[in-house]
Amino acid sequence: MAVRAALRFGFGTASLLAGGWVLRALHGTPASLGATPAEIAQVARRSPHYRDGVFANLEPPSGITMDRELQRMLLRDLANMGSLGKPPGPVPLADEPGADITASRAAARWYGHSSALIEVDGYRVLADPVWSRRCSPSRSVGPQRMHEVPLQLEALPAVDAVLISHDHYDHLDIDTIVALARTQRAPFVVPLGIGAHLRKWGIPEGRIVELDWHESHRIGDLTLICTPARHFSGRLFARDTTLWASWVVAGPTHRAFFGGDTGYTKSFAEIGAEHGPFDLTLLPIGAYHPAFADVHMNPEDAVRAHLDMADRDSGVMVPIHWATFRLAPHPWAEPAERLVAAADTERVRIAVPIPGGRVDNESVFDPWWRL
């Protein structure tokens with residue numbers, strides 16, 4: 001029962017999916033798995049961070065590793081979770097989830113989980129777009145959305161780039177990518193190796209930009225910089241064959257940081273020193289558990305990361321990676337409540353958008369999740 005619960009809730013990636021029932025669910029959907037390790041290696045091997053067929057984090061494990069005791073704790077917590085991780089009622093959506101944009105400003109519109117439209121100095125960057133009902137290689141098995149998509153893909157404005165942080169299913173979704181290739185003209189800017197997945201899905205080579213950590217790509221006056229994260233990758237059984245990353249979105253006047261999915265890392269202070277201070281940080285606050293503390297931040301970690309990269313008075317933190325998919329055994333609203341408490345203690349400015357809502361440094365605090 002515990003194992004089945006762990007598989008159902010996902011742990012954020014299909015790399016944990018195993019067993020005959022899962023393989024049956026995957027039957028007929030091999031395309032979603034993406035490229036093979038051999039296909040990925042053709043590009044990945046140019047990186048100094050790629051050794052013996054895999055990428056590695058810059059920091060060794062902190063000592064909190066997935067030992068047997070933590071495995072048992074995780075499985076027990078997942079099995080006993082019940083409805084704890086679900087919202088107590090329908091999750092509200094923004095009344096007008098359009099795409100306003102104001103020049104000379106940093107803002108973000110959040111579509112749920114880690115999907116966000118980042119606005120910097122008149123440019124629009126769509127990060128980690130996932131519009132599917134499940135974050136899974138299967139349309140019938142895997143974590144399911146707990147709120148509707150606030151805006152249909154076809155209604156998105158023209159974007160200047162599509163950013164991907166890594167290849168887990170809750171951040172890289174085949175159906176969304178293929179639809180964006182049809183409805184948008186923007187390039188897909190991705191960490192090394194993920195281009196192989198996109199090529200497998202029919203994305204033209206000319207629309208794929210693959211970067212290693214510390215490499216950058218310019219679009220007019222906008223610079224996108226691939227920066228380190230502390231995480232892992234994998235879409236089924238092979239792990240770490242593609243790179244994971246955070247991103248700097250820098251315009252001529254303002255700049256934003258997109259964390260994607262990561263554990264706390266000393267790289268944040270280095271990124272802040274080199275590319276900050278940031279007007280806006282989008283940082284993950286959900287899907288935490290002691291069993292994977294190295295690779296998933298909790299809300300207190302996120303506040304600490306924000307302070308590494310942004311000015312305490314002028315910078316604004318926007319939480320992501322919560323509220324949409326159940327990926328860990330904590331109550332649905334707990335990440336937001338812990339964030340509010342930690343931000344208050346550290347005097348950090350936060351803006352927590354409702355799904356589909358837009359926030360900037362003038363946003364008024366609204367605890368919309370208190371249903």
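A charge sits over a ring if NZ of Lys or CZ of Arg is within 6 Å of the ring centre and within 35 degrees of the ring normal. With that in mind, select R338 and Y288: the charged end of R338 sits over the ring of Y288, 4.7 Å from its centre. Next, pick R235, which lies over the face of Y169 at 3.9 Å from the ring centre.

Before moving on, note that this is a predicted model, in which local features need pLDDT of at least 70, side-chain atom pairs count only at pLDDT 80 or more, and totals for chains, interfaces and linings use all residues. Residues are numbered from 1 along each chain as its sequence is written, and side-chain values use heavy atoms, with hydrogens and water left out.

Now for the ring pairs. A search of the whole structure gives 14 aromatic pairs (rings of Phe, Tyr and Trp, its six-membered ring, with centres within 6.5 Å; planes under 30 degrees apart are stacked, over 60 edge-to-face, the rest tilted). Select Y111 and W131: their planes meet at 50° with centres 5.2 Å apart, so the pair is tilted. Y111 is in strand β3 (residues 106–112) and W131 in the loop between β5 (123–127) and β6 (161–163), so the pair ties together parts 20 residues apart in sequence (strands are DSSP runs of E, at least two residues, numbered from the N terminus). Both Y111 and W131 are buried (under 20% relative accessible area, 1.4 Å probe, protein chains only).

Then jump to W322 and W368, another tilted pair, at 5.7 Å centre to centre and 40° between the planes. W322 and W368 are each buried.

Definitions and conventions: Helices (H or I, at least four residues) and strands (E, at least two) are DSSP runs, numbered from the N terminus. Buried means under 20% relative accessible area, exposed over 50%, partly exposed in between (1.4 Å probe, protein chains only).
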